[in-house]
Amino acid sequence: MHGEYKIPGGKLVVVDLDVEDGLLRHARVAGDFFLEPDEALDAVNRALEGAPADTDAAGLAARVQAGLPDGTVMYGLTPEGVATAVRRALAHATDWTDYDWQLIHEGPQSPALHMALDEVLTAEVAAGRRPPTLRVWEWGAPSVIIGSFQSLRNEVDPDGAARHGIEVVRRISGGGAMFVEPGNTITYSLSVPEALVQGLSFQDSYAYLDDWVLGALGDMGIRAWYQPLNDIATDQGKIAGAAQKRVVGPGGGPGAVLHHVTMSYDIDADKMLEVLRIGREKLSDKGIGSAKKRVDPLRRQTGLAREEVIGRMIESFRGRYGLTDGAVTPAELARAEELARSKFGSPEWTARVP
């Protein structure tokens, strides 16, 4: 069995192993990490030898930590990273490069249609009818997108939204409200087979699926990092928030994961405050005195046009994993348009948590 795991902010860990009579055997750890002394690598392998194959990641990490020689120094490697690579091997997880990725980057769409496209395309990936897909959104109208479980009245000021012509839609994933305006926001979705995140905890899957965009931002001169559970941050502030939804495959079989991210290229903070109900408690919890400081736009940090930022992100993904230009099929679009009308554009769905 073979498992790989790129530690967020660290290096690649590769594990090859066998399972005999329910126990791990012949574990061999490798990667581009740094480890001193040399004997520590043999100690890691010995720590894994004989572990029950159903040991969870925490238990495997504890075995590795306990087996390290005194004075061991790890750089780009952690016991938890080794454990995750083992669990991915046991779960027969796939890697980014195992797939032929497709890019969808089409013209502006309504907020409700974007919500519906996420659901339809991810279901198509789960059914095996569509390859793993990176979809970059273009917004046809300003919007507030609330999380699946958020209270509409607690999150949105209806008078402020009406005054500024802001459409409110509810997405299928959890998480918090996002304020978007065309030209000021960069949004993308990853619709991926469940196998890509097999062996990862829910939290680790966020970091894993965000890793490519951290590299793309780094190439643009932004030192960004994953901030649990679902933020991308820099030393100048938060720049993005992510959310996920797991979709079950046909007949209850292996499914797919929707991972979508909204990044603030620029933001009208005064307007946002008139539309979103951002309470004092939420601000004080983050140690921030002003809501304007909660989100730091990419425009100021990069000095690049929005289109160029998007272009560089796409090329970074293409360079890492390969990416073929594609499109929403007529059948997918028809299903999404129906969902936009019957579900995402309906008051019943939008106010399902009043």
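Predicted model: local features only at pLDDT ≥ 70, side-chain atom pairs only at ≥ 80, totals over all residues.
In this briefing, Ala, Val, Leu, Ile, Met, Phe, Trp, Tyr, Cys and Pro count as nonpolar, Asp, Glu, Lys and Arg as charged, and the others, Gly among them, as polar.

**Cavities**
- The model has two cavities of 30 Å³ or more.
- The largest cavity holds about 60 Å³ of space, and its lining includes Ile104, His114, Arg135, Trp137 and Val328.
- Helix H4 (111–126) and strand S7 (133–136) are the elements that each give two or more residues to that lining.
- Five nonpolar, three polar and three charged residues make up the lining of the largest cavity.
- The second largest cavity, at about 40 Å³, is lined by Phe179, Val180, Glu181, Asn184, Thr185, Ser264, Asp266 and Ile267.
- Sorted by class, the lining of the second largest cavity has three nonpolar, three polar and two charged residues.

**Largest pocket**
- The lining of the largest pocket splits into 19 nonpolar, eight polar and eight charged residues.

**Second largest pocket**
- The second largest pocket has a volume of about 350 Å³.
- Among its 24 lining residues, Tyr5, Ile7, Pro8, Asp204 and Ala207 lie nearest the centre.
- Helix H7 contributes the largest share of the lining of the second largest pocket, five residues.
- By class, the lining of the second largest pocket counts 13 nonpolar, seven polar and four charged residues.

Definitions and conventions:
Residues numbered from 1 in each chain as written. Heavy atoms only, no water. 1 Å grid on protein atoms, 1.4 Å probe; cavity = no way out; pocket = protein on both sides within 12 Å on 5 of 7 lines; lining within 4 Å. Points joined across faces, edges and corners; volume = space filled by probe spheres on them. Helix = DSSP H or I, 4+ residues; strand = E, 2+ residues; numbered from the N terminus.
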